Amino acid sequence: MSETESPAPGQNHIFGVDVGGSGVKGGIVDLDTGQLVGDRYKLLTPQPSTPDAVAATIAEVVRHFEWTGPLGVTYPGVVVNGVVQTAANVDKSWIGTDAAEVISKALGGQHVTVLNDADAAGLAEQRHGAGRNRNGVVVLLTFGTGIGSAVIHDGQLLPNTEFGHLEVDGKEAEHRAASSVKERKDWSYERWSEEVTKVLVSIENLLWPDLFIAGGGISRKADKWIPLLKNRTPVVAAELLNEAGIVGAAMAAHADVTR
Ligand code: BGC
């Protein structure tokens, strides 16, 4: 561990972990700046991705930094009061698991806050990224294997929105417009952006947000597709990219916003 990775006493640092279908990554977050203190560390998500196996991997990531304080962890599904309710892209045995308890146990009792992955990214982007200084209703969507969503009103998260599962023209939004669909069907940005537009229009007709933030890996290429969208609400690209989940998890651990 390098000098810069160890938190100085009294500073506003918390550990964040982002759990995805393919990787578990973590780092120490400076809550004042929304930036990582030092590097992030990533391990592959174990397969099968059962609660015990993933908890052991999270513990390995945390121990890499010799972190002994509280931490926040993201999960790619609905989490209510620490208990997992859905498992679209991880092992089904997560459903009904008290994720906070299982992860805390693997760490010998450290305090753990668990929240939905897109909610974490939304918190981070709203405070420190593309949504900073923007009031009103901000909706972040992550385009990846599925579509994750976060709704934030004047800095306050409405947890566990699942717009990826909203039915749009007879088809779930994430089956229509996740970036995995673009890859699988080998679509151009033009073709894919038509589907993204349909999803955005459905959401904006229900919620009338002030801003959409587009996240997920494909937001790195935002200049290729955001200009093609035809919905009415402004859409901006996420800024924190790889780190949004880690930063938002740490923010949630600091001031529990998950209920
Ligand atoms: C899940 C969401 C999650 C999103 C991104 C969806 O399939 O239902 O909870 O945020 O994938 O991982």
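An oxygen atom of the ligand lies 2.5 Å from an N or O atom in the side chain of D117, a polar contact (a pair of N or O atoms within 3.5 Å). The model is a predicted one, in which local features need pLDDT of at least 70 and side-chain atom pairs count only at pLDDT 80 or more, while totals for chains, interfaces and linings use all residues. Residues are numbered from 1 along each chain as its sequence is written, and side-chain values use heavy atoms, with hydrogens and water left out.

The shell around the ligand (residues with a heavy atom within 4 Å of it) comprises P76, G77, A88, N116, D117, A118, I147, G148, E162, H165 and E174. By class, 4 are nonpolar, 4 polar and 3 charged, with Gly counted as polar. Domain 1 (13-119 + 243-254) and domain 2 (132-239) both contribute to this shell, so the ligand lies between them; the domain bounds come from an automatic or database assignment.

Q47 and P48 are joined by a cis peptide bond, with omega about -5°. E66, although not a glycine, has a positive phi of about 55°.

Technical notes: A polar contact is a pair of N or O atoms within 3.5 Å; within protein, one must be able to donate a hydrogen and the other to accept it, and residues adjacent in sequence count only if both atoms are side-chain atoms.
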